[in-house]
Amino acid sequence: MNHPDTALPNTSDHRNTPDHRNIPNHQHTSDLQQAPDHIGIPHALNILVRDRSGELVSPDEPGYEAIASIIGTTKRLCAELNTGWHEPEEARELFERIVGHPVDPSFHFNPPFYTDFGHNITIGRNVFINWGCTLMDRGGITIGDDSFLGPNVQLITINHLKNPYRRATTVCRPIAIGKRVWIGAGATVLQGVEVGDGAIIGAAAVVTHDVPAGAIVVGNPAHVIEQVETDSSSNKSAEKVGSNKEYSLIPAEAA
């Protein structure tokens with residue numbers, strides 16, 4: 001039986017070991033240093049880096065005000081983004097303020113968009129995020145080039161302890177989405193998961209373990225039902241899946 005202080009087991013086993021920590025790169029650390037929310041708070045950068053690195057963090061420890069302050073600012077910016085109409089340029093500017101750094105001009109998204117933190121989101125080229133997606137990013141979320149998220153997709157990097165007396169303590173693990181990944185409407189990817197290039201996650205799937213490159217996964221917990229085949233002779237890598245090969249569609253249960 002797991003120790004009562006361990007987090008709920010919803011991620012890949014190898015990512016729950018203490019040695020597997022995603023130490024933030026210089027860009028993330030720089031973003032956090034420049035964020036005005038925690039200026040003047042003792043121990044601020046230390047707790048922010050520890051939180052991003054997968055260590056246990058309690059709201060009762062010194063410096064947690066820095067996390068709370070960034071969350072508060074992010075809530076305000078998300079409310080501003082999601083209320084009323086914004087021209088695309090204005091919406092992009094608000095998104096960049098939420099994540100704390102510029103995004104590639106090829107990135108597109110449809111508000112509303114939700115995140116609890118924002119500064120630990122990294123997005124590649126030609127990424128598309130559809131309506132109503134939620135990215136809980138304190139553990140770090142990376143989305144590779146040419147990937148897109150369907151409506152109401154959730155990427156959740158944060159977890160809580162089982163112990164009811166320490167439930168407020170959190171532990172974060174990164175989510176890494178590869179290139180050319182398609183995540184279907186309403187799917188949830190939980191902390192510590194890596195999704196390989198070209199994979200497809202079916203609608204409403206709950207992904208608790210790594211997804212191999214080119215795999216199609218469906219269900220709760222998500223499981224592989226087949227592979228995406230690509231035509232290497234075509235620059236567009238025409239997909240051939242199931243009985244819908246002619247139209248390059250995914251099976252109905254994965255739509």
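**View 1. Strands E17 and E18 form an antiparallel pair joined by four bridges.** Strand E17 spans residues 215–218, and strand E18 covers residues 223–227. Helices (H or I, at least four residues) and strands (E, at least two) are DSSP runs, numbered from the N terminus; two strands pair if DSSP finds at least two bridges between them. The model is predicted: local features need pLDDT of at least 70, side-chain atom pairs count only at pLDDT 80 or more, and totals for chains, interfaces and linings use all residues. Residues are numbered from 1 along each chain as its sequence is written, and side-chain values use heavy atoms, with hydrogens and water left out. Isoleucine 216 stands opposite glutamate 226 in E18. Four residues lie between the strands of this hairpin, where glycine 219 has a positive phi near 95°.

**View 2. Strand E17 also pairs with strand E15, in parallel.** Two bridges join E17 to E15 (residues 200–201), and isoleucine 201 stands opposite valine 217. Ala215 and Val217 point one way from E17, while Ile216 and Val218 point the other way. All of these residues are buried, where buried means under 20% relative accessible area, exposed over 50%, and partly exposed in between (1.4 Å probe, protein chains only).

**View 3. An open sheet contains five strands in the order E2-E5-E8-E13-E16.** The pairing is parallel. E2 and E16 (206–207) are the edge strands, each with a single partner strand, so one side of each has no neighbour in the sheet. Two bridges join E8 (residues 154–156) to E13 (residues 188–189). In this pair, leucine 155 stands opposite valine 189.

**View 4. Helix H4 comprises residues 88–99.** This helix has 12 residues and reaches 16 Å from its first C-alpha to its last, close to the 16 Å expected; the expected span is 1.5 Å times one less than the number of residues. Ala91, Leu94, Phe95, Ile98 and Val99 are buried in H4. Seen down the helix axis, the buried residues fall within an arc of 130°, so they line one face of H4. The arc is that of the directions from the helix axis to the C-beta atoms. The cover over these buried residues includes helix H3 (64–82) and strands E1 (108–109), E2 (113–115) and E3 (121–123), with contact meaning heavy atoms within 4.5 Å. Just after H4, glycine 100 takes a positive phi of about 85°.

**View 5. Phe95, Phe107, Phe109 and Phe113 form one aromatic cluster.** The structure holds six aromatic pairs. Rings of Phe, Tyr and Trp (its six-membered ring) pair if their centres lie within 6.5 Å; planes under 30 degrees apart count as stacked, over 60 as edge-to-face and the rest as tilted. The rings of phenylalanine 95 and phenylalanine 113 have centres 5.0 Å apart and planes at 55°, so this pair is tilted. It links distant parts of the chain, with phenylalanine 95 in H4 and phenylalanine 113 in E2, 18 residues apart. Both phenylalanine 95 and phenylalanine 113 are buried. For phenylalanine 109 and phenylalanine 113, the centres are 6.5 Å apart and the planes at 80°, so that pair is edge-to-face. Phenylalanine 109 is buried too.

**View 6. Asparagine 163 lies in the loop between strands E9 (158–160) and E10 (170–172).** This asparagine 163 is buried, with a relative accessible area of 17%. Its side chain reaches the backbone nitrogen of tyrosine 165 at 2.9 Å.

Note on methods: A polar contact is a pair of N or O atoms within 3.5 Å; within protein, one must be able to donate a hydrogen and the other to accept it, and residues adjacent in sequence count only if both atoms are side-chain atoms.
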